[in-house]
Structure formats: C-alpha cells, structure tokens
Amino acid sequence: MTVSNEMEKAIIESVLQELSKRGVNPAAAVEEKVKNVVTQEKTSSEVSDEIIDMPDITKHWIPEPANEEALEAMKKSTNARIGLYRAGTRQKTDSLIRFLADHAVARDAVFMDVSDEFLQKMNLFGVSCVAADKEEFLTKPNLGMKLSDEAVQTIKEKCESNIQVQIVIVDGLSSTAIERNIPDILPALTQGLKAAGIKVGTPFFVKNGRVRVMDQIGMLLNAEVVLELVGERPGLGTAESMSAYLIYKPSEKTVEADRTMISNIHRRGTPPAEAGAQIVDLVKQMLDKKASGIKLNKA
Amino acid sequence: MIHIGEAGHQKIISVGIDIGTTTTQLVMSRLTIKNSSPGAVIPKMDITDKEILYRSNIHITPINEHLLIDAHQVKKIIEAEYKLAGVKKEAVETGAVIITGETAKKGNAKNILEATAGFAGDFVVATAGVNLESILAGKGSGAAKYSKENHKIVANIDVGGGTSNIGVFKGGRTLDTACINIGGHLIELEKHSDKITYISDPARLVINDMGLQLGVGERVTQSQLIQISKKMAEAILETITKRKVAGLAQQLMMTPPLKEDYKIEKVMISGGVADYVYSDYRPVSVTDITKYGDMGPILGWAIQEAFKKEGIQLAKPAETIRATVIGAGIHSLEISGSTIHVNSGTLPLRNITVISPFPEGVPEKAADIAKLLKNQVDRITVQDITEQNLAIALKEPYDMSFNSVNELAHGIFEAMEEYITQKKPLIIVIEADCGKVLGQCLSIIAKASNELICIDQIQVDEGDYIDIGKPVMGGRVVPVVVKTLVFEKAK
C-alpha cells in the first residue's frame, strides 16, 4: 500500500471507532466502500497501455507569425526546440511535457537492458562485463572494459578465432539504440562483408560493456579487425543513436587514436542500413592498409 | 581519400561559356568541394566555395549573316580568352557551354556546341534551352540566393539581346520558368544614327501591333523608339503581373506563361539591359540611344518606368550582363552523396534520360516494384531513345529498413534484366540517404555483371537529363549536372 493509502486507512479506522463509540455502526457498508477505494487506487497506479500523443515540437507554435516560410525554414534547420512560443516568461506546458517525456526516454535508454527476446530474435548470444549491476556499471566506467571470467569462457567456446572481422554488439549507454538499429545494420554488414569474401566471426552481445571491451575481445580471438556497435549517450534529440568503433589488431598498447569511429547512426541521422554499407567499405580499407584510426588516415 | 573527421578538400576549375543573341563571353571559376560533416559522422561532400577567377571581355557574337553563327570565329574568341586567362583547356574539369536567346534558333547551334565542347575539359555540359537559361540566369544574378536568405518568392527577369528569361525562385529552388521573345537587340540600327538596319520577326510583331510603318533602311524618331520600347516593357511586365497573357504578349511568349498558384514578392532584373534598368539613364536623343547599334538603353529605361508605374520595387542583382554565364559556370554543378560504381572507366556519361517510375512512392514488394518500373522502361524504349542511357530516379524506398532496400534492389533488377543485356550501365539516382546500401544489394543481385552507378542525395525529375562526371574527392562522390531540356524547340 502507498503512504496515502496507509493514512486513509488510519483516518477511516479512527472515524469508524469514533462512530461505534457513538453507537453508529455502518461498519459493513463503510468497509465495502473502503475496500473499493483502496482497490481503485491500486489499479489506477498500474501502468496504462493507453497511447498518448506527445506535443509536436517539429512545428512552430507562434500565433500570427510575420513570416511563416522563414519560421518553417528555421525549424527545419535544427533539432533545437525553437519557435515554441511562451506562457508569460516561461515555456508552455506542452513544451515542458515534451521535455519530460524525452528525458524519460533518454533515462530508459540508459537504465534498461537489451531484452532477451531481442537477442533471441537476432540470434545473438549474450555475455557480461564484470560490473555487478547497472548502477555499478554507470558509476565505475573502467569495469565496462573487462569481460567476466564466465564471458571469456563462453566466447572461447562459441566463437571462431583467427578471423578477419569480429562483430561485437555492446549496450553501452543506450540499450534502445541497440534494439532499434541492429536489425537493419547487421544484415547490411554481413551481406557486404560476405560478398567481399571477408571471413566474419560469430557476432555476439556484451551487457554492461563500454567501448574498450573490444580490445580484450580482439586479443582473445586474434581478430584482425574488431567492429563494435555501441549505444551512444542519449540526449533530448534522440535516445537511439549508435556508434561504430573499428580497430585493427588491438593490443595492450592500443590508444583511442587507434580507433576509427562513425557516430550518429540512427533513423534520423545516418540510417543504419546505409551506415552498414559504409562500414563495409571502411573494413575493406582497414584490411588492405592494415591500420585503423589516425594511422589509417595517414596510410 | 577523405576519411571520417578529415577536413580535406578538392578544388576544381569550372568554366561557363555563353553564346548569346548579342554577346559571347566566358567566366572561369574555382569550386571548392569539402567534407561538410562534423566530427565522426559519415563524410558528406558539398561545394562550399565558388570563386570567380576570370571574367572575359564581352564579345559581339560573330555571325556571318542573320542565319548562321560563325563557328570558326567563336572558337578563336574562346581560345584568345583562355590565353588571356592563363588557363590551359586541360586544366578545366567541369563547366557549361550554353547557346542562348535568338542564337539558339539559328540553324547550326548544335555544331557550335560540339565544336566548343571539345574545348573545355572532360566534362562540360553543352546545352541550349530557354527554361535552363532562366534557371541559370536566376542563380547567377543572385535571385535564387535572395529567395533563400530572405524567405521570399523572387522572380528574376534576364533581359538579353533577343529574349527575356524569367525564373521564379523559392527557398533557393526553382519554382517556375518562362520566356518571352523580347530583348534589346531585336531592332538593329546604325550606331549613333536613326537608320534601321534590321528588324527581327518579334520586333515586326510589335511594330505591326502598334500600327507603325517602319522598315529596314528607314529612319526612326525618338518618339517612335520610346513607344516601341514602352510596348515591349509592358509585355514583359504582363508576364509577371497578368501571368495568363493575351494579345501581343501572348504572341511573343516562347513558353507557356508562368503558373498562377503563387505570389511573386520580389522582382530582379538581370542581363545586359539591366545595367540601364538600375541607372539614371534617360533617353535624350536618337543618336545617344543607338550608341550600341540597338535598343538596349531605351528598353532598359522603359522597363524601369513600367515597373515603377506598377508600384513594383526592383531588387538589385549581384550580376547583370554576366548572370547567365556565371550561372552556367558556377551554379550548374551538384555533388552526389555516396556512390558505388563498378567501372570508373564508364564515366563521364552525358545526356542520361531520367525516368521517375514511382510518383506515388515505391511499393513494398519487389514484384510490384518491377511491374511499375518495367512499364516505364518499355514506354521509353518505344519512343526510340534506345541510344541513350537511362537513369531511374526515386525519392526513397518503401521505408529505410534493410529489408525494404533489398526488396527495392530485387525489384529494380527484375525489371531491368533486359536493359542490362544491352550492356548499358544501370544508373539509379535516389534522394534518400541509402545509395551505398542500395548499390551493395544491387551489385550482389546482379552479380556485378554490369556497370552500376548508384548515387544519392540528388533530386531529379521525370524529363530531366543529367550528366555524371568522373569521381572527385578520392572516388567518394561524383559531380552531377541536371539539365532541364536539351535543344528545346521554339514555340
């Protein structure tokens, strides 16, 4: 029971006591009514499946604008929340509601896990890094680069070694990004790499992982190129943006400048299927030049 | 090779050559192509800078009689200007040669283009057409830019020697075009004299409409010149204000009139005559008016008067006489998004016919896609354009999922199987950002058996013709010129 329920119960009980003291005894009727109220409270605090329309911030909200065309052009030029008018000196309630909603989506992306159903559907086995839970993962970033002992075992058992490309999917800071983008980028990648005659290992998923887990995996499987798809830190603009990090033959000496990165992969950025085809090209270059990151640019 | 996050750029020399009714001139410029994507985003190439390097002298278009252009002389003019500019023709990578105005009607216009096209590099658009002229003039004069920066619908009227080309722009894009057969050179006179040496057919229409009796060899008075120029100016004004013109104006129209479903908020005049529209010039005497041997100055004055009387305030153009040639040299080029092609030896390709088989959008299933596409292709082949290459233009796949792109690829291949057997390249031009993955799917389905050019982020329509140039920026992108019409027939 919630706190308010407790209080109500206490109040009603004391009223009933008082009433019975005075000789009034509506006990049964009142009991029924209290039960009803309490059960109503309970159901209304459950999450509803009703779909709510969020306020549309893609249009401007300015009444009687001097130049409608100019406003439309300005709105098209940015994702920033401009042209949403005001209520006195503050933002409009719809604007606040939308902000809260987008913030909630961003928080969910960080705190939720990639579902087991999703992994099954995509035919990916899952392993974990050493962080005990999401909170530890978020507060101790270094734990995200280390696979658990169990993970190391599983990977050794299920994956091919000495392959040219190892694809790793990591939740990182957005599980939503993984669930939204992987279904379109993965087939584009596997189709393109296969057509180019490149030997691709068994893709898998890493939970509570950060970018640098790709280094340990690369060394473990002796892969030439590790391609990691990881969820980016969400924002108010989008919570489903994903990055691709690529590295050629990672080692203990690997630094960040050795990685090539493609960011902003999502349906409103670089579409995932297209990003997949672009990455195929990038992989071919890396295998050819035997380099990644700054070294590839200079090659 | 431009990599993610790299700021690299490439500069190419572009030339514009305009062979018009009265004048022939060229402009050389340097276009900078740069990666305009920030940070770790997939590179996107854009033309970021357009620098004019050299403006040629303005030559009188050499004609041996009023029937044929002197091709030999034109070539000499161009050669001389290249020498003055200090630019070798091998250094020029792109550009446009256009024949405009009355000159386009002359019998050997096509020969001229072929003679000069061989001149300027690997990839030069050679075309004539009044609609394209209107667009290029409006881009060169700054009208298109004005419409984008000020969020107004702008009409640019390029008044040249023989024609007035009207281009209407909204948000930087072309909304509408039209052309009327009025220009400063329609009546030729002896310089600084009142004797008429030539009356063109359109000028004859004007004179007859006014009931004047004037012929070649006769003398004309200032008052008559004022009347004629006023009539001409009014006809130009009517194309903007009345839209659906009648009477004399209608007889002089070379294209259908402007559409009526928008409001013109600003008017700009460019072209050689524009110098007189925006000046304090007043006709003083016939000998003064005819200093160039034509009606240019007085027509300019009459246009200024006519628009002032109507209460239309004219915007000042960035370029007047050079508007069209600058448009041709600088603004005719676009850069594609990502590309994939099997054999780079195939490029450049010219005069590719564009078909747009999915006006209502691309269907979901490959079979339906194939059916729609095959219908269109069969129709085109019946029209006997079998010599030319085809480009399939579309906006976007059914949706941006990998499955839909793959379905689209299957549908296209199914419909184009026969076309491919003719050893012609398969060319796809798509607006959405999926050129690379679509090309990947297609090349796998077609088993790389044919040349494949798949470019994205270019907008073309049914009836357009395009040229595709050799790749730039390390093979990432190709330059594309979208031409509206080739050798449009005069009305």
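Predicted model: local features only at pLDDT ≥ 70, side-chain atom pairs only at ≥ 80, totals over all residues.

Reader: Why is B:Gly20 called buried?

Author: A residue is buried if 20 or more other C-beta atoms, placed from the backbone, lie within 10 Å of its own, exposed if 12 or fewer, and partly exposed in between. B:Gly20 has 28 other C-beta atoms within 10 Å, and therefore B:Gly20 is buried. B:Gly20 is found in the loop between strand E1 (9–19) and strand E2 (23–35) of chain B. Helices (H or I, at least four residues) and strands (E, at least two) are DSSP runs, numbered from the N terminus. B:Gly20 and B:Thr100 are 80 residues apart in sequence, and their C-alpha atoms are 4.7 Å apart in space.

Reader: What makes A:Ala275 buried?

Author: A:Ala275 has 30 other C-beta atoms within 10 Å, so A:Ala275 is buried. A:Ala275 lies in helix H10 of chain A. Two residues are in contact if their C-beta atoms, placed from the backbone, lie within 7 Å. Leaving aside neighbours within four places in sequence, A:Ala275 is in contact with residues including A:Ile185, A:Ala244 and B:Ile42. In contrast, A:Ala275 and A:Glu136 are 32 Å apart, C-alpha to C-alpha, and 139 residues apart in sequence.

Reader: How do you know that helix H8 of chain A crosses helix H10 of chain A, and at what angle?

Author: Axes are lines fitted to C-alpha atoms, for helices over the stretch in contact, and angles run from 0 to 180 degrees between N-to-C directions. The axes of H8(A) (residues 175–195) and H10(A) (residues 272–289) come within 8 Å and cross at roughly 35 degrees. The contact includes A:Ile185 and A:Leu189 of H8(A) and A:Ala275 and A:Val283 of H10(A). By class, this contact has eleven nonpolar, three polar and one charged residues. Here Ala, Val, Leu, Ile, Met, Phe, Trp, Tyr, Cys and Pro count as nonpolar, Asp, Glu, Lys and Arg as charged, and the others, Gly among them, as polar.

Reader: Why are E1 and E6 of chain A called edge strands?

Author: Two strands pair if DSSP finds at least two bridges between them. An open sheet in chain A has six strands in the order E1-E3-E2-E4-E5-E6, with mixed pairing. Strand E1 (125–128) and strand E6 (260–265) each pair on one side only. Neighbouring strands of this sheet are turned by 25 degrees against each other on average, direction ignored.

Reader: What makes E4 and E5 of chain A a pair?

Author: E4(A) (residues 225–231) and E5(A) (residues 242–248) pair in the antiparallel sense over seven bridges, and at least two are required, so the two strands pair. The bridge partner of A:Gly231 in E5(A) is A:Met242. Helix H9 (residues 213–221) of chain A packs on the sheet, touching strand E2 (165–170), E3, E4 and E5 of chain A.

Reader: Which strands form the open sheet of chain B?

Author: Five strands form this sheet, in the order E11-E10-E9-E14-E15, and the pairing is mixed. Its edge strands are E11 (173–180) and E15 (314–315) of chain B. E10(B) (residues 164–170) pairs with E11(B) in the antiparallel sense over seven bridges. B:Asn165 stands opposite B:Cys179 in E11(B).

Reader: What makes a set of residues a nonpolar core?

Author: A nonpolar core is a set of buried Ala, Val, Leu, Ile, Met, Phe, Trp, Tyr and Cys residues joined through C-beta atoms within 7 Å. The largest has 136 residues; among those that touch the most other members are A:Val283 and B:Ile392. Helix H13 (residues 402–421) of chain B gives the most to this core, with nine residues. B:Ile392 touches residues including B:Leu373 and B:Ile412. Apart from this core lies another, of 51 residues, including B:Ile157 and B:Ala306.

Methods: Residues numbered from 1 in each chain as written. Chains lettered and ligands numbered in written order.
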